[in-house]
Every structure is written in C-alpha cells, then in structure tokens.
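Let's walk through this fold together, one piece at a time. Have the model open and turn it as you read.

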Amino acid sequence: MRRPLLGTLERGLAILEFLSENDRVTVPRLAEALNLKRSTVYRLVNMLQERGYVESPRGSSEVVLGTRAV
C-alpha cells in the first residue's frame, strides 16, 4: 500500500506519473486513483495546464500529458 501524498509538489508529481502510465483520464478518475479530493486535483491540474505540463484535448473532459512533460 502506498503512503499518503503529503505536499503539493508530491501531489503534482503523482498526477504527472499517473498520466504517464494512463493515456487519457478525467479529473474525478485521477482523484479516485490518487485518493485525493476532487477540488485539490482540479486546482493542481489547472496549475499544471497553465504551465503546459497537462493538456485537455479540445472538447474533452479528460487530461493528458502536455508538451512540457514529454
């Protein structure tokens, strides 16, 4: 069993790692998989999107790794 994610950086990295292993994922699925609150995941995904590490394909509610993360 994994230990709980502690800090913001660790949570953000966990999102990037999960996306690297899973093609397209919704935020609710990310929250469930990482055992985090949806609001936390939405906030982190928005921050990662602003910096280009995560993208949402046009017309999709899913997120994928962005160009800065590959």
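The open sheet has three strands in the order β1-β3-β2, and the pairing is antiparallel. Strands here, like helices, are DSSP runs numbered from the N terminus: at least two residues of E for a strand, at least four of H or I for a helix. Two strands pair if DSSP finds at least two bridges between them. β1 and β2 (54-55) sit at the edges with a single partner strand each, so one side of each has no neighbour in the sheet. Keep in mind that this is a predicted model, in which local features need pLDDT of at least 70 and side-chain atom pairs count only at pLDDT 80 or more, while totals for chains, interfaces and linings use all residues. Residues are numbered from 1 along each chain as its sequence is written, and side-chain values use heavy atoms, with hydrogens and water left out.

Now for the two pairings. β1 and β3 run antiparallel and are joined by two bridges, with Val25 opposite Val63 in β3. The hairpin of β2 and β3 has six residues between the strands, and in it Gly59 takes a positive phi near 75°.

Stay with Val64 for a moment, in strand β3. Is Val64 buried or exposed? With a relative accessible area of 16%, Val64 is buried; the cut-offs are under 20% for buried, over 50% for exposed and partly exposed in between, with a 1.4 Å probe and protein chains only. Leaving out residues up to four places away in sequence, Val64 touches Leu19, Asp23, Arg24, Tyr53, Val54, Glu55 and Pro57, where contact means heavy atoms within 4.5 Å. Val64 and Val54 are 10 residues apart in sequence, and their C-alpha atoms are 5.7 Å apart in space.

Next, bring in the helices. α1 lies across β1, β2 and β3, and runs at about 90° to β3. Such angles run from 0 to 180 degrees between N-to-C directions, and the axes are lines fitted to C-alpha atoms, for helices over the stretch in contact. α1 also packs against α3, at an angle of about 75° and with the axes 10 Å apart. That makes the two helices, α1 and α3, roughly perpendicular, a label for angles of 65 to 115 degrees; under 35 counts as roughly parallel, over 145 as roughly antiparallel and the rest as oblique. Thr8, Arg11, Gly12, Ile15 and Leu16 of α1 make this contact with Thr40, Val41, Leu44, Val45 and Leu48 of α3.

How do α1 and α2 meet? Their axes come within 11 Å and cross at roughly 110°, and α1 and α2 are therefore roughly perpendicular to each other. The residues involved are Ala14, Ile15 and Phe18 in α1 and Arg29, Leu30, Ala33 and Leu34 in α2.

Look along α2 and you'll find Val27, Leu30, Ala31 and Leu34 buried. They lie on the same side of α2 because they cover an arc of only 100° around the axis, taken from the directions from the helix axis to the C-beta atoms. The buried residues of α2 pack against α1, β1 (25-26), α3 and β3 (62-65).

Much of this comes together in the largest nonpolar core, where, of 17 residues, Ile15, Leu30, Leu34, Val41, Val45 and Val54 touch the most other members. A core of this kind is a set of buried Ala, Val, Leu, Ile, Met, Phe, Trp, Tyr and Cys residues joined through side-chain atoms within 4.5 Å. α1 (8-21), α2 (27-34) and α3 (38-50) are the elements that give two or more residues to this core, and α1 supplies the largest share, five residues.

Finally, visit the loop between α2 and α3, where Asn35 lies. Most residues other than glycine have a negative phi, but Asn35 has a positive one near 55°. Asn35 is exposed, with a relative accessible area of 70%. Lys37 is in the loop between α2 and α3 too, and at 62% relative accessibility Lys37 counts as exposed.
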